[in-house]
Amino acid sequence: MLEFRQVHKTYATPQGPLAVLAGVDLQLGSGESLALMGESGSGKSTLLHLAAGLDLPDAGEVRLAGHSIAALDEAGRARLRRDTLGLVFQQFHLVPSLNVSDNLRLQARLAKRETPEWSAHLSERLGLAGLERRYPEQLSGGQQQRLAIGRALAPRPALLLADEPTGNLDETTAGEVLELLLALVREAGSALLMVTHSPQVAAPLDRCLRLTHGRLGPAAGPEARRC
Amino acid sequence: MRPWFVAALLLLTLAGCGERTAPEDPAGFAGLGEAAGDFAQARRGNALRFPEDHAAHPDYRIEWWYLTANLADARGEPLGLQWTLFRQALTPPDERPAPTPWAADQLWMAHMAVSRGDTHRVAERFARSHSAETGGQAGTRAEPFRAWVDHWQLASRVDASDEANTDDTFAALQLTAHQDDEHGGFGYDLTLTAEGPLVAHGAAGFSQKAADGQGSMYYSQPFWRIEGEVTLDGETREVSGRGWLDREWSSQLLDERQQGWDWFSLHLEDGHRLMAFQLRGGGPDGGDYRSGTWISPAGEPTALGPDEIGLTPLASREVEGREVPTRWRLEVPRAGVELIVEAPHAERWMDTSVPYWEGEVIARDADSGQDRDRRRGVGYLEMTGY
Amino acid sequence: MLTALATLLSHYRRHPGQLAMLLLGLWVAGALWSGVQAINASARDSYSRAEALFTTGLDRLERRDGEPLTRDDYLRLRRAGLPVSPLLEGSLEGLDGTQLTVIGIDPLTLPGDNAFAAASRQGELTAFLTPPWQTRVAPDTLPSLGVNARQAHGAEPRLAEGRLPPLMPSPTLPPGTLVMDIAAAARLLDSGERITRLVSAPGMLERAPEGLVLTRAATLVSPGQLTESFHLNLTAMALLALVVGLFIVQAALGLALEQRLGMLRTLRALGVSGRGLVGLLALELALLGLVGAVAGIVSGVWLASLLLPDVAATLGSLYGAEVAVTLNLPWHYWLGGLAVTLGGLLLAGSGVLWRAARLSVLGLGQAQAWRSGFLRQLRGMALAGGGVTALGLVLWAWLSRQPPGEGLVAGFGLIAALLLASALWLPPLLALALAGLGRLVRRHPLAQWALADLQLQLPRLALAMMALLIALAANLGVSSMVGGFRLTFLDWLDQRLVADYYLRPAPEQFDTVQAWLAERPEVAELLPTRHAEATLVEIDGPDGLRAPHLPVGLYGITPGESLIPSWPLLATRAGRDAAWQAFAAGEAAFVNEQLAIDQRLEPGDRLTLTAPAGQETLTVAAVYPDYGNPRGEVLLATPRLAERFAAAPSSIGLVLAAEADEAALRDALRRRFALGGDALVDQREVKRMSVEIFERTFTITRALSALTLGVAALALLASLLAQARERRRQLAPLWALGVPRARLVTIQLAQLGGMALSVGALALPLGALLALGLVAVINVAAFGWRLPLHVFPGDLAVTLATAMGVALAAAALPATRLWRTPPRALLAEESGT
């Protein structure tokens, strides 16, 4: 499903070049779930952006659903994203001009893969039923993130990329949202790559990797038991 | 409509003293105290010569023909009038411009006024002329006499072409002046007949105006019988009465410290005439300077010296924002007269470019109180510098 | 407090674009407004100086036979008691080749209350009246005399005609005029006893003395009066530009406040009082306002100095009003410009201050409340639009009850109400349209998103779109009016100028020349004209008798076979032929449209006019158009006019026979009669000059309406730039969701283009209405003639294209930026890492 081979990524910073990824290898199969952990600024988000084709590696190869990201042009990468990916961000990034219902269905419609039953089911499961006419800013934080999850899962993407999906939520809400996310990912049959810094969040996932000094390794410490 | 240069003229004639003469101003009322400079001088010993002296003296700085009249209509309602022609030289004789068209060395100003009751109508005209030219917009002529500005004129009724006529052309005059205004117009058309001789004031015509000796040439015709028509606010009435004409010329009329004058001309019931004036400031001890002439019914003058006239303001009225004395005590012990002279109507302000007060007065004996029947005479009062 | 102010202003360091936009708005608004006001102030200064002079405001007397008057005439009239004053006029050539007018006056008899009087108040009359005399001259004329201002006083420059009397600068005199005592002028001009004319205070003469022609001051309309409508036009255009500029300011201020809400709350929480905060914001406004306004005024004056020569030429040729081509600005101009710009800024900023004042320290509100807030705002706009419409209707009802030609200001009010109401209704209309369209395209997610997103942008774009609507409509209205006028005017010129040549012989030569021409084979028809002045004392119409006592010009034309078919008539009593028959027979007169509108005349009315031999009564047979003429005129057959009104000869129109030898005739005429250079005028020359005058008249109108459109484009660009950052943040998730950047850019352009097109479409009927208002109300009131309404399809297309062009041009920069933004940067903005 998703494969990183010796991926390098370096950014120019005022203090000189910063190697964020220095030879990352990663394999993620269909339906598999993986937690990616690391310190702030360790390059988790960069890795996620490369996985989504939002950015290109300096060296090495990123393959998504059988396509090498670098071989596609920008429009091709956009199409690939549209057709295979779901994205959930830490800041929910809903479209403020669309109401809940239209936000939920937006990506599915863009990908021309909307199934009304699935959308309705998602809406029901995410506790958004009855809120369809509302606009994003009229929802609570938890509701907004659930809507973002729904939008990402509505086209039943092959891979869901989630960047700290519960980072902006309080503990209780975070737990509920995470539970819902995992359940729905299973229902949709999608693979999941989730960036988080919380061992509790990482725990329920199939695997767990830690990004340190630009390289991936097994997680150390208490969370290592599941990885 | 007032000519625009009212203020400019004021500046010219007042030589910078503004409408209300400032006490420290050296030039006297209307600039009449300016030094004579290169102009001819009025001096003791200058003789009057007629008919030449009826006409203008362009070598002198200033000059006037000044007629006032106390008239009454057929029903006895009193009416006053004034007609004055002022001349002012623009340049001393030796600086006159060549007489090209429009070039001027003389400036003329004429005032006319008609008053009845509280009504007082005033008009003013200006003109230029060159002294080398006759027949301009304004001017004078000695024989037969004529003085005019535009269509306002005082002229002899004696036909000069009639060679048989040897009369004094000055003794029978016609006064014509009319002015349109928003009230329907006013003016007069009058015949003037002299019923007595010309009277020379002061020393054979030299009238001293200040203690240090400067003065003017001054004579009068105080014996006019007047008849004719006067129009006021569009209404014309037959009138008759008495008039007084002053002729005066000078190059420095006032002492430079003198700021104005109060001048009386009275026709008394017994046929006497009295002229008296005081110049405020410039007297022997810095006080007022008085002078006058007591004229017998036959026209014999008696010059009155500064100490022979008493003039005391008794009451004043506010006219056009100025405090003007309208009731006077006038004493001439030598002639045995002690009069209360009063203006029955105070609203006689001449709102002309050089403003002053000029109006009819009634004279009573000082001991007669307010009794109108004890009237001793009528006349005119002129007050300047207020 | 200083820290707090610095904190507030630090926002602009982060967002220099907003600062630029704010200052740009103020600058543009201030520049156009103060530019036009500078022109107006300068022109008014020239008028008041001209009116101060003796050419207007006084009745004039000239000899009927055109010979000069002499000093004897003057003295004769004075002695008859007439209050006339002599005036000698001549021209000299300045050292730089300019024509200078010498005016010799007699200050002793000159009627009062003109500004020369004021100028002379400090002057000594003696110095003016006596050698070496004085030359009163406006300081801006000194360069023509080769004198600089510091040495001017007392200088005696030598011109070809001789040495001038010592100069005395008088700022109140009109440019190019030397005023001196008549004696000095007579010497300089070597005019002897001759004078140019006699003048008299208005109304002081009941009738002209024997042998003289009296021209009433009332007929010599003062330039200030004549050009009032012209300046009102300019002011209205400038006001429009000011409003459009303030739209930009308002948009920028709103944005700056919104983005600083967090900062304001923090400052409040840190202990800055609410009142203090509002004070600080007001201080910030004032600082910005001062910078913007000063820049605006300075560039406004520069703009005015560019436009002034054109305006001066227009006013000169159209109204004969002399306007100095250099700016002459009184102190109150500067203060007024500053006050208007700052006042406008305060008005535009009052909403911001109000919102800042009501800001709650704890409120998170803004983000959540914007939707309902905007809806409330839309409702408010619709309501206000309704109110303004009602006001417009009231004005319209009032105007329709006024006689035609009345209510210039109300007419402008009506047009302002129309524009304002349309502008206010635009955002609610657009919001409705977007919501409706959004429902229609549910199945197309991108289209749906684009429309929904446009709704989101509407609060930001509304003001710019309103500005665009106003500017487009004004542009269309003005170009329709000018274009229509142009068509009508050119047509009318062709109809009026039927003769090939116009000859203006000296009055004493007139009959001889006419007789000589009649014998010439080259001439097919002679069209002699005459001219007289009269007072219209009575009108006998259907609604009874009226006594207007109005001075009118009388013109005699020759109704022959050349003239009758082409001379245009607007209204007749019994048809064209009958009207011309009655006219030729001398029973009837024609009146021009200005007079007809002014006095509510209709064919069939009877006019009584003063004439040398008492009064003459004429029947109005027709009304004719008379564009460009400020006065009321009555037209008669030439022989009739000569006989009944003792009219002076004026000119002879020469209709040439086919294949006539024009050059031979011209030469023969010149040789035979020693005609002056300007006595014979080619019809083509007249036309060329007329068209030139016409073009100039509207140069500035067109320039201003184009500038206004430019300002609107700037407003749109500024709005787009100001929200560009936020836009990218909104577009980023879409991109992340898989919409390619090219598509996003296209959508952006389509969004704006579509909106601008709708605005353009709305501007079409609005522009047409505006044009109607201009030709049917404003022109009639301002000039006294009505024009047919022309709407040019080309103009409509241009308007739509302009709308699109403006929008796309404004959108191009943000779109290019979006296009050029590397995806990484887009993402960085998006995710904040």
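Predicted model: local features only at pLDDT ≥ 70, side-chain atom pairs only at ≥ 80, totals over all residues.
Which residue of β2(A) does A:T13 stand opposite?

1. **The four-stranded sheet of chain A.** A:G16 in β2(A) stands opposite A:T13. The two strands involved are β1 (residues 2-13) and β2 of chain A, which pair in the antiparallel sense over 10 bridges. They belong to an open sheet of four strands, ordered β2-β1-β4-β5, with antiparallel pairing. Its edge strands are β2 (16-28) and β5 (67-68) of chain A, and each pairs on one side only.

2. **The six-stranded sheet of chain A.** An open sheet of six strands runs in the order β6-β7-β8-β3-β9-β10. Pairing here is mixed. β6 (85-88) and β10 (215-218) of chain A are the edges; each has a single partner strand, so one side of each lacks a neighbour in the sheet. From one strand to the next, the twist averages 20°.

3. Strands of a sheet pair through backbone hydrogen bonds, in either sense.

4. **Chain A overall.** Seven helices and 10 strands make up the element list of chain A. Of its 227 residues, 49% are buried. Among contacts in chain A with a separation of 6 or more, 67% come from residues 24 or more positions apart.

5. **Helices α5 and α6 of chain A.** What angle do the axes of these two helices make? The axes of α5 (residues 141-153) and α6 (residues 171-188) cross at roughly 10° and come within 11 Å. Angles under 35 degrees count as roughly parallel, so α5(A) is roughly parallel to α6(A). The crossing is right-handed. On the α5(A) side, the contact uses A:G142, A:Q145, A:R146, A:I149 and A:L153. On the α6(A) side, the residues include A:V177, A:L180, A:L181 and A:L184. By class, the contact has seven nonpolar, three polar and one charged residues.

6. **Chain A against chain C.** Here 26 residues of chain A are in contact with 24 residues of chain C. Three elements of chain A give two or more residues each to its side: α1 (44-51), α2 (74-84) and α3 (100-110). α2(A) gives the most, with six residues. The side of chain A that touches chain C divides into 12 nonpolar, six polar and eight charged residues.

7. **Cis peptide bonds in chain B.** Most peptide bonds are trans. Two bonds to check are cis. One joins B:F50 and B:P51, with omega about 5°. B:P51 sits in the loop between α1 (6-14) and β1 (62-73) of chain B. The other runs from B:E143 to B:P144, with omega near -15°. B:P144 lies in the loop between β5 (138-141) and β6 (146-149) of chain B.

8. Most residues other than glycine have a negative phi. B:W102 has a positive phi of about 80° although it is not a glycine. It is found in the loop between β2 (78-89) and β3 (106-116) of chain B. Is B:W102 buried or exposed? B:W102 counts as buried, because 27 C-beta neighbours lie inside 10 Å. C:E659 also has a positive phi, about 60°, and is not a glycine. Its place is the loop between β22 (648-656) and α19 (662-673) of chain C. C:E659 is exposed, with 7 other C-beta atoms within 10 Å.

Conventions:
Residues numbered from 1 in each chain as written. Chains lettered and ligands numbered in written order. Contact = placed C-beta atoms within 7 Å. Nonpolar A, V, L, I, M, F, W, Y, C, P; charged D, E, K, R; others polar. Pairing = 2+ DSSP bridges. Axes fitted to C-alpha atoms, helices over the stretch in contact; angles between N-to-C directions. Buried ≥ 20, exposed ≤ 12 C-beta atoms within 10 Å, placed from the backbone. Parallel < 35°, antiparallel > 145°, perpendicular 65-115°, else oblique. Left-handed = near helix turned anticlockwise from the far one by under 90°.
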